[in-house]
Amino acid sequence: MLDQNDDIHPLFAGAPSTREFKKLRKRLVRNTREAIEAYGMIEPGAKWLVCLSGGKDSYTLLAVLTELQWRGLLPVDILACNLDQGQPGFPATVLPKFLEERDVPHRIEYQDTYSIVVDKVPQGRTYCALCSRLRRANLYRIAREEGCSAVVLGHHRDDMLETFFMNLFHGGKLASMPPKLVNDEGDLFLYRPLAHVAEADCEKFATAMNYPIIPCDLCGSQDGLQRQQIKGMLDEWEARSPGRRQTIFKALTNTNASHMLDPHLFDFASLRRRF
């Protein structure tokens, strides 16, 4: 995509012209395209429901997917969607205005899941699990109503690393967020095209573009979350050994089942000596 005024998508209006920003933008596009191709996300003629929460990651997701589509590298229709979950103080006009001003096809949906979460979750427990389930159910419903084949989320590389360590330390299993899955009903894909993108790049991009960030005050206001503890651990490792996050992520893409201990993944019982 060219950046002349008459050729640029409104979503990128006002983008910095610095060399550093252009390198960042190119890296985001490259990493996203790599993930889309590596995990087989493209179905020509498909329609994607791209979820926009108002956070830095979802803004980056929408921008990069729009750029790929603009370049002709993503042959799908994109419908941006925000699910207003009824959180007190949520600035309901920010995202509709943002999307309308930039000519982005979108749907804004209001569902008061906040009241359900607050009512059902015991005091002192975190809201994330129930909030996520309710949000996902509504997004699947909206995707069906809009004729979409996939729900697309803005989880990035660091989210996947944190989930891996949460499962390792607290769940007793080796698992992360999959970049692609099929829902339980079998009628929708769930994609995470930012699987190869660093959180720091999302933050730099959204800040440089001056997107109107909306914080999540529902779970973000709770202290002592396991994910925050894991994030702190990874931050400390990265400070001591720059590049540690990327090395761990590479390991997740390079699994050797015969050198693990799961007999369901590798048939140890059938191993035989050749002599």
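**View 1. The largest nonpolar core has 38 residues.** Inside this core, Trp-48, Leu-62, Leu-65, Phe-205 and Tyr-211 have the most contacts. A nonpolar core here is a set of buried Ala, Val, Leu, Ile, Met, Phe, Trp, Tyr and Cys residues joined through side-chain atoms within 4.5 Å. Buried means under 20% relative accessible area, with exposed over 50% and partly exposed in between (1.4 Å probe, protein chains only). At least two core residues each come from α1 (19-38), β1 (47-51), α2 (56-70), β2 (77-84), α3 (94-101), β4 (150-152) and α7 (199-209). Helices (H or I, at least four residues) and strands (E, at least two) are DSSP runs, numbered from the N terminus. The largest share, seven residues, is α2's.

A word on the model: it is a predicted one, where local features need pLDDT of at least 70 and side-chain atom pairs count only at pLDDT 80 or more, while totals for chains, interfaces and linings use all residues. Residues are numbered from 1 along each chain as its sequence is written, and side-chain values use heavy atoms, leaving out hydrogens and water.

**View 2. Here is Phe-205 with its contacts.** Contact means heavy atoms within 4.5 Å. Skipping neighbours within four places in sequence, Phe-205 touches Phe-12, Phe-21, Leu-24, Arg-25, Leu-28, Thr-60, Ala-63 and Tyr-211.

**View 3. Thr-66 sits in helix α2.** Thr-66 counts as buried because its relative accessibility is 5%. Again leaving aside neighbours within four places in sequence, Thr-66 is in contact with His-9, Leu-11 and Ile-78.

**View 4. Helix α6 (157-171) is mostly covered.** Eleven of the 15 residues in α6 are buried, among them Asp-158, Leu-161, Phe-164 and Phe-165. The cover over those buried residues includes α2, α7, α8 (226-240) and α9. At 1.5 Å a residue, α6 should span 21 Å, and its end C-alpha atoms are 20 Å apart, which agrees. (The expected span is 1.5 Å times one less than the number of residues.) After α6 comes Gly-172, with a positive phi near 65°.

**View 5. The second largest pocket is lined by 22 residues.** On a 1 Å grid over the protein atoms alone, a pocket is an open set of points where a 1.4 Å probe fits, with protein on both sides within 12 Å along at least five of seven lines; lining residues have an atom within 4 Å of a point. Phe-164, Leu-174, Ala-175, Leu-252 and Thr-255 lie nearest the pocket's centre. Helix α9 gives the most to this lining, four residues.
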